[in-house]
Protein chains: 2
Amino acid sequence: MSLKLTILGCHSATPRSFAHPTSQYLEINNNTFLIDCGEGTQSQLRKYKLKFSKIKTIFISHLHGDHFFGLIGLISTFSLLNRQTELHIYGPKGIKEIIDLQFKLSKSGVSFPLHFHELVSKESELIYEDSKVTVYTVPLSHRIYTNGFLFKEKPKERKLRMEVISKFPEIEICDYQNLKNGKDFIRSNGEIISNDELTLPPPPVLKYAFCSDTNYFEDIIPIIKKVDLLYHESTFLEDKKELAKKTKHSTALQAATIAKKGKVKKLILGHYSSRYKDFNLFLQEAKSIFDNVELSETGKVFSIVNT
Amino acid sequence: MSLKLTILGCHSATPRSFAHPTSQYLEINNNTFLIDCGEGTQSQLRKYKLKFSKIKTIFISHLHGDHFFGLIGLISTFSLLNRQTELHIYGPKGIKEIIDLQFKLSKSGVSFPLHFHELVSKESELIYEDSKVTVYTVPLSHRIYTNGFLFKEKPKERKLRMEVISKFPEIEICDYQNLKNGKDFIRSNGEIISNDELTLPPPPVLKYAFCSDTNYFEDIIPIIKKVDLLYHESTFLEDKKELAKKTKHSTALQAATIAKKGKVKKLILGHYSSRYKDFNLFLQEAKSIFDNVELSETGKVFSIVNT
């Protein structure tokens, strides 16, 4: 079980040469997702040598420009590179119309199957599932319809304790799958050998929650509870608490409060307003109530491995 | 009379860290225009320290992504910076719908008056005029509706030859404007003093023609004739002449042929396909028939001053 998150951009609003808007490249359980896609994301992917072809699914939190203006360019580039594999895009209602209109007016199409999954629910819902990962929305409280996303690894099978199993010659290879699935073994005499004796539990699953942009919003706590990694926006510091409230953003202290109440293992901050020059102030403010916190920085990689 | 052209991007199709899509910042006769606006243009403007606030008019050649995907982000940034002065955008029909849709779905507006001037004519037309500059379209031959643009300085007034004028005490200060406008002076005895005697001609006006993207298209020659500076796309070399024809682009030789037949003073090449690594091959190919040619390069500045 492994999770690797590369920050492609973690600044709010206007892109600058040193401050790229939100985008993250998430590798989890050997699956790759792109989360948000501000202007210049495709250049950032190239800069950090992250493979375009691995991205099969893109999640867009909301339709403010600093979270999706790079999407049309990325899709166009996929097509120019003659991509063949399908691409799925999850985002708010309207995202399909924006992309379709631009392809219509350019009288061009895409080289691959492009599927939109438009989100409208205000309740957390399962939106993506494959054999390795599930993704749920984390409805947020922003000026427009916005979702965060919760990525959860699916549990692996239990591990066979061969040194124990070998003591029972009646357990055959064809029984192994049942044991991996957690079933007890029933001997011919009716005696039950508990699965706990014959197997070890799989490594714990990893969970990553991405929450941007949002007001301080306690409704998300049950959804993001105890995740291994929480990205929570911190556009402002407490000195601009009123502005945060007005613009429906969070302060670093508020992000840390959510992390603390949600008992998450680690918090990462981002979406910094361009008014701040010293990002360590965000770290200090958050650390005042929650210890395991780090700043997201462009190009920074966060890795977790459970074995 | 002066012209300063800064190349913000001169590569075709997909942006890369070293290859920015088309955009040019033109300062002509103390007026500033942005021509095309590929993804990342706003970052390029910042990189080269070019003032956002000076841009009052943007010209978009066509609706292929590498020429306009940066426009929505630039407009958004203008608004985030609380721009108040109006912005005029000239481009193909449809451009307003693309921008409007994205602002509608983000439930945001712009802080300044935003005016679209959608182009549909297939004939060259005067689309912009102020006291210093006129701009005409240069209809091109591409896969979709595409215009180049011809920027022409307006002539300055004639210069008074004070050493001559002082010999005629009857010429008063209130007569000067007529002389600057080219009128002869009529003495009280009816004698005509020719304007040529009393004034010198103003410096010659400068003309810049921007032509991207287009097939080899001789129809543009009468429009761009004798311009001081011609930017003509050269996506390919002659080795890909057939591909150029098929995709409705030009080779460096074809660009040079247009420059030669149009008797322009200087040609600059650009919009290079990513398949080429050695751009000097473009220069060599063009120079085989037209001597005064240069490569456009990201960040390069072309200046002309007429005094």
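Colleague: Is the crossing of α10(A) and α11(A) left-handed or right-handed?

Modeller: Bear in mind that this is a predicted model. In chain A, the axes of helix α10 (residues 252–261) and helix α11 (residues 280–287) come within 8 Å and cross at roughly 40°. That angle makes α10(A) oblique to α11(A). The crossing of the pair is right-handed.

Colleague: In chain B, what is the angle at which helix α10 and helix α11 pack?

Modeller: The contact in chain B is made by A252(B), L253(B), A255(B) and A256(B) of α10(B) with F282(B), E285(B) and A286(B) of α11(B). The crossing of α10(B) and α11(B) is right-handed. Their axes are 8 Å apart, and the angle is about 40°.

Colleague: Which relation holds between chain B and chain A?

Modeller: Chain B is superposed on chain A by a rotation of 180° with 0.0 Å of shift along its axis, at an RMSD of 0.1 Å. A rotation of that kind is the relation of a two-fold axis.

Colleague: In chain B, which residue has the C-alpha nearest the axis?

Modeller: The axis in question is that of the 180° rotation that superposes chain B on chain A. At 3.0 Å from this axis, the nearest C-alpha in chain B is that of G40(B).

Colleague: Which elements give two or more residues to the side of chain B that touches chain A?

Modeller: In total, 30 residues of chain B are in contact with 30 residues of chain A. By class, the side of chain B has ten nonpolar, 13 polar and seven charged residues. The same surface serves both copies, as 100% of the contact residues of chain B recur in chain A. The elements of chain B that give two or more residues are α1 (41–47), α3 (71–80) and α4 (95–105).

Colleague: What distance separates the centres of domain 1 and domain 2 of chain A?

Modeller: Domain 1 of chain A takes in 2–156 + 202–305, and domain 2 is 159–200. Taken over C-alpha atoms, the separation of their centres is 43 Å.

Colleague: Is the peptide bond from S212(A) to D213(A) cis or trans?

Modeller: D213(A) is found in the loop between β14 (207–211) and α8 (221–224) of chain A. Most peptide bonds are trans. With omega near -5°, the bond from S212(A) to D213(A) is cis.

Colleague: What is the phi of N30(B)?

Modeller: N30(B) has its place in the loop between β2 (23–28) and β3 (31–35) of chain B. Most residues other than glycine have a negative phi. N30(B) is not a glycine, yet its phi is positive, at about 65°.

Definitions and conventions: Residues are numbered from 1 along each chain as its sequence is written. Chains are lettered from A and ligands numbered from 1 in the order in which they are written. This is a predicted model: local features need pLDDT of at least 70, side-chain atom pairs count only at pLDDT 80 or more; totals for chains, interfaces and linings use all residues. Axes are lines fitted to C-alpha atoms, for helices over the stretch in contact, and angles run from 0 to 180 degrees between N-to-C directions. Helices (H or I, at least four residues) and strands (E, at least two) are DSSP runs, numbered from the N terminus. Angles under 35 degrees count as roughly parallel, over 145 as roughly antiparallel, 65 to 115 as roughly perpendicular and the rest as oblique. A crossing is left-handed if the near helix is turned anticlockwise from the far one by less than a right angle, and right-handed if clockwise. Two residues are in contact if their C-beta atoms, placed from the backbone, lie within 7 Å. Ala, Val, Leu, Ile, Met, Phe, Trp, Tyr, Cys and Pro count as nonpolar, Asp, Glu, Lys and Arg as charged, and the others, Gly among them, as polar. Copies are superposed by least squares on the C-alpha atoms of residues with pLDDT of at least 70 in both. Domain bounds come from an automatic or database domain assignment.
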